[in-house]
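Work through the exercises below with the model open. Each task is followed by its solution in steps.

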Amino acid sequence: MSFRCIAAALFIAAAPPAFADAATHHDTATHETSIGQQGDPAKIDRTITLTATEIAFDIKNISVKADETVRFILINNGEQPHELTLGTAAEQAEHRQMMGEMDMDAMSHEDGATISTEPGETKELIWKFGKAGAYEFSCNYPGHSESGMTGPLLVE
């Protein structure tokens, strides 16, 4: 085997981790879902504050306009972690299944249309809504949504 072949093989063997990291890096600033994308903090149209307790949100339904940028503030006044996830019914069901399969220590996450809070914590999610439709907001920690920590999200 020539020196060039060996050098090329070593380069290729060493390259995948660097390329894989670049390919799988998740930039949430541009994250899009079926209902929109993360919004620009300089272009907020309004703020919606939700308070989470055991096991409920203080808001039962949400209505927004297509192309509206909303700052969601999630205040966790409960004794357990809670999250706010925006999505279709199918996305919520998939997220609930994923949460049910996770180790409790790994459940806190921030990804696209989801923010997680610990007891006593407050976080925000800035979201620019896309097309009109009927969606849901939910806390998908195991058992929370099933106990009523969910509601309709109408994009008009």
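Two strands count as paired if DSSP finds at least two bridges between them. The model is a predicted one.

**Exercise 1.** Find the sense in which β3 and β6 pair, and the residue opposite Thr49.

Solution. 
- Locate the strands: β3 spans residues 46–53, and β6 spans residues 69–76.
- Read the sense: the two pair in parallel, over seven bridges.

**Exercise 2.** Give the strand order of the open six-stranded sheet and explain what sets β1 and β4 apart.

Solution. 
- Write the order: β1-β2-β9-β6-β3-β4, with mixed pairing.
- Look at the edges: β1 (32–33) and β4 (56–57) stand there.
- Draw the consequence: each has a single partner strand, so one side of each lacks a neighbour in the sheet.

**Exercise 3.** Describe the pairing of β11 with β5 and with β10.

Solution. 
- Take β5: its pairing with β11 is parallel, over three bridges. Ser63 sits opposite Leu154 in β11.
- Take β10: its pairing with β11 is antiparallel, over six bridges. Glu136 sits opposite Pro152 in β11.

**Exercise 4.** Characterise the largest nonpolar core and the contacts of Phe72.

Solution. 
- Count the members: the core holds 25 residues.
- Pick out those with the most contacts inside it: Leu50, Phe57, Phe72, Leu84, Leu86, Phe129 and Leu153.
- Trace the suppliers: β3, β5, β6, β7, β9, β10 and β11 each give at least two residues.
- Examine Phe72, leaving aside neighbours within four places in sequence: its contacts include Ile48, Leu50, Leu84, Lys123, Glu124 and Trp127.

Conventions:
Residues numbered from 1 in each chain as written. Predicted model: local features only at pLDDT ≥ 70, side-chain atom pairs only at ≥ 80, totals over all residues. Heavy atoms only, no water. Helix = DSSP H or I, 4+ residues; strand = E, 2+ residues; numbered from the N terminus. Core = buried A, V, L, I, M, F, W, Y, C linked by side-chain atoms within 4.5 Å. Buried < 20%, exposed > 50% of the residue type's maximum accessible area, 1.4 Å probe, protein only. Contact = heavy atoms within 4.5 Å.
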